[in-house]
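Colleague: I would like to learn how to read the features of a model step by step. Could you take me through one?

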Amino acid sequence: MADAIPQPLPKRRRIRRTVHFGEPMPPGAQTFRAAWLCGPALAWVTVFLLVPLLFVIALSFAQRGDAGEIVWRFTGENYARLLGHGALGFDPVQPLILARSLGVGLATALLCLLTGLPVAFFIASLSRRWKTVALTLVVIPFWTNLLIRTYAWQVLLAPEGWLAETLASAGLLPPGTALYPGWPAVMLAMVCDYLPFMVLPLYASVEKVDWSLIEAAEDLGASPLRAFWHAVLPQIRPGMVAGGVLVFLPATGQFVIPDLLGGAKVALLGNAVQQQFNVSRDWPFGSAIAVAALLVMCLSLWLHTRVTKGRREVALP
Amino acid sequence: MQPPDTKPASPSALAVECQHLTRRFGKVDALAGVSLNVRRGEFFSLLGPSGCGKTTLLRIIAGLDLPDNGELRIGGVPALRLPAWKRPVNTVFQSYALFPHLSVSENIAFGLRMKRMSSHDIARLTTSVMELTQILELAGRHPNELSGGQKQRVALARAIVNEPQVLLLDEPLGALDLKLRKELQFELHQLQQRLGITFVHVTHDQDEAMALSDRIAVMNAGRVEQLGTPEELYERPKTRFVAQFIGACNLLEGKFVAHTGGTVEVETPVGLLRVEVTSAGVELAEANKFSLGIRPERISLEGGAPGDNRLMGRIESIAFNGAESHYRVAVGRAEVRVTELNTGRRTLGLFAGDAVELFVPPSNIFLLES
């Protein structure tokens, strides 16, 4: 009590100096060294990311020649087509692809959030040792290639697979029914694949939750459900947003899973781009789709920073 | 602040009634049968060392914990079946537990929002309570932008804006420094007088409890040792624990020798002492299960009255403390602590090693159950 009067600490000047092999370095040398160390990575990013990206953007304003070659003449036609400007008036095919992809991304993010929340709370409630085990289990699927996992789903969901047979013998499914191809199979695989991206940031947020706030909320007249809603959810919002973005971005561009489990009948952003570059040999239009996807993702990232702005902790893993 | 028609006035004169409350955590009895009543409108303190069960009792009243046995009534209504959020009580938490994502005014409005009050009424009540607690200029800030004292005021405002029947305070000033604590003690007292809400206050700080409370329950090891006004607890402590926990006290083991009228004679390590007792005290003395307690400031080193116990001793040390001086005096086989006020009109001019005479009025020695 009385003996806890804080003593003033002796003032200590902060020394801004980097020790380099025991010798202090002048600030200019530091900048030089930093640039030198960053150099290889910067060069890599410039040559293999920035330049191709600029090329793709430029390409999206070019035209396709009759033989599928690139004609460098400026046009906005690719974007007009993307927005539904067809030769015979409005053509919904391309806008639908965009909308469908966004829908798949959003649905995956939402389903991952709903399934990931209980998982995150469960892991946070474990003892330290079991936490490590649980988190490792969450990450383990990453050790297997996405393609292999997707083929595994095909086997699992096939008419003669044990899942379909079990369901059939339980009378829940007519015998011989395939669980794929179809949207349920696609969403099932998507959620399974992206769940770790949701669980990890969610868990990081849940771990830091101040549970005494639930008591405070209930003391102030909030029912348990409202206490959770008003006192706990706001605390894990950074994790929810981070997880949502981490799932939404790759899920929107995903095409392997919809192709393999959806029966390759539905066009999404990913396979639309692939198709334009490979089958249709329309690189400019393919580029326009890619740039549009990029813009959508930038928009969602911007929303993410807006939501988490002003908060001290952003729970990105 | 709020139209009184929202809560029907209960006819009970008791705000909180606890009957035989018990609560066990593993092998520890946090509450070992606590019965006490808190009167309407009083400032009631639960005082005791950490681990004595006072916070457990508070949490049970709040509904944040349930007793294993016993009965609890709030405003005359059985409360144990009510969940925390339906009880007419609000708590000021030791850690404040402010919502970090809400601003000060939103924090204060929380309880009213849960009652689904209109936004107009919420704004009015929130503003008036912020005026009352002098935090109006903090309305837009977030808890991480507040100092400890400011958080304390917000936590208080957030609770009293709901006009609870009983306000529960869990070591509300525990995390603040001494000066701020004294200031807020005063304000807390003023606020209680003004609002007329029943306060149940948990603290381990006996000065704080004495300064604020109408009545205090001194708790130890899950039991109420003694319940009374600050004066009663200081002047007539019943047990060794209370005598030592509230104020300083010389404790002496004694053996009953004789009983004449309103006094008993007791053989102690410092010599034969005459003690003024009640009839209950006589029984206690004759049963020979007691200790004696004497407050250090009730022993004087000069100018005793006729009829005082007189003891001879030798000063071992003197500690000058400004307003008073503390003497340690060897008397017989024991050491006695004596406090003399430094009034300025007199100086005793005593030094360590001096022989002194001690005067103890028989009315200022109390019998304690042991």
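Modeller: A word on conventions: residues are numbered from 1 along each chain as its sequence is written, and chains are lettered from A and ligands numbered from 1 in the order in which they are written. This is a predicted model, in which local features need pLDDT of at least 70 and side-chain atom pairs count only at pLDDT 80 or more, while totals for chains, interfaces and linings use all residues.

Colleague: How many residues of chain B are in contact with chain A?

Modeller: Two residues are in contact if their C-beta atoms, placed from the backbone, lie within 7 Å. By that rule, 19 residues of chain B are in contact with 16 residues of chain A.

Colleague: Which element of chain B gives the most to the side that touches chain A?

Modeller: Helices (H or I, at least four residues) and strands (E, at least two) are DSSP runs, numbered from the N terminus. On that side of chain B, β6 (89-92) and α2 (104-114) each supply at least two residues, and α2(B) gives the most, with three residues.

Colleague: What should I know about phi?

Modeller: Most residues other than glycine have a negative phi. Tyr96(B), although not a glycine, has a positive phi of about 70°, and Tyr96(B) lies in the loop between β6 and α2 of chain B.

Colleague: Is Tyr96(B) buried or exposed?

Modeller: A residue is buried if 20 or more other C-beta atoms, placed from the backbone, lie within 10 Å of its own, exposed if 12 or fewer, and partly exposed in between. Tyr96(B) is buried, because 22 other C-beta atoms lie within 10 Å.
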